[in-house]
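Okay, thanks for making time, everyone. I'd like to walk through a couple of helices and a few salt bridges, so let me put the structure up.

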Amino acid sequence: MPDAVLAHRAFIGLGSNLDLPRKRITSAIEALASLPLCKLVNASPLYASRPVGPQDQDDFINAVVELHTAYSPLALLDQLQRLEQSQGRVRLRRWGPRTLDLDLLLFDDRVIEHPRLCVPHPEMLNRAFVWVPLLDISPGLRMPDDRVLSDLVDDSLRGSLVELTP
């Protein structure tokens with residue numbers, strides 16, 4: 001598909017802490033790269049992080065990818081949820097363990113408040129496992145309100161992550 005048709009820029013956060021999470025994230029990146037109407041532009045390194053919420057679970061493996069897409073935000077969300085379900089995603093408890101979590105973090109410079117989707121992701125500035133890999137692939141990234149992402153985060157939280165070697 002010609003790049004001109006893939007007019008939208010989206011950033012997706014990935015996380016997993018069940019059933020070989022590192023392999024699941026790598027497979028999910030490959031699946032995102034093969035989505036119709038999408039082109040994988042960049043993928044961050046993988047990071048290990050402590051879970052948000054209940055601590056009675058394994059650490060997470062996280063990454064962020066940049067896609068160019070022809071999908072609308074909700075159509076892309078549908079594709080992400082389909083990928084989650086194909087990996088056995090079951091939502092048993094809030095912030096609980098999961099085989100695969102795919103979050104639409106940013107979509108162009110849009111602010112979206114919909115019952116199914118909030119963009120920018122409401123917690124992204126508070127979660128180093130989101131903004132560190134996001135800044136890895138897009139260091140000068142600006143938020144929809146034109147503020148620079150790196151100016152909005154607490155860089156001291158960077159130490160809470162462990163970058164994994166390939």
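So, let's start with α2, which has 14 residues and reaches 20 Å from its first C-alpha to its last, close to the 20 Å expected at 1.5 Å a residue. Keep in mind that this is a predicted model.

Which residues of α2 are buried? They are Pro73, Leu76, Leu77, Gln79, Leu80, Leu83 and Glu84. If you look down the axis of α2, those buried residues fall within an arc of 160 degrees, so they line one face of the helix.

Now on to α1. This helix covers residues 21-33, so to speak 13 residues, and spans 18 Å from first C-alpha to last, close to the 18 Å expected at 1.5 Å a residue. Its buried residues are Arg24, Ile25, Ala28, Ile29 and Leu32. Down the axis of α1 they sit within an arc of 140 degrees, so here too you get buried residues lining one face of the helix. Over on the other side of α1, Lys23 and Glu30 are exposed.

The structure holds eight of them, and I'll pick out a few. Arg24 pairs with Asp19, side chain to side chain, at 3.7 Å, N to O. Are the two partners buried or exposed? Asp19 has 52% relative accessibility, so it counts as exposed, while Arg24, at 17%, counts as buried.

Next, Asp101 and Arg98 meet in a salt bridge at 3.1 Å, N to O. Here Asp101 is buried at 12% relative accessibility, and Arg98 is buried at 11%.

Last one: Arg142 and Asp146 form a salt bridge at 3.9 Å, N to O. Arg142 is partly exposed, with a relative accessible area of 46%.

Conventions:
Residues are numbered from 1 along each chain as its sequence is written. This is a predicted model: local features need pLDDT of at least 70, side-chain atom pairs count only at pLDDT 80 or more; totals for chains, interfaces and linings use all residues. Side-chain values use heavy atoms; hydrogens and water are left out. Helices (H or I, at least four residues) and strands (E, at least two) are DSSP runs, numbered from the N terminus. The expected span of a helix is 1.5 Å times one less than its number of residues. Buried means under 20% relative accessible area, exposed over 50%, partly exposed in between (1.4 Å probe, protein chains only). The arc is that of the directions from the helix axis to the C-beta atoms. A salt bridge is a side-chain nitrogen of Lys or Arg within 4 Å of a carboxyl oxygen of Asp or Glu.
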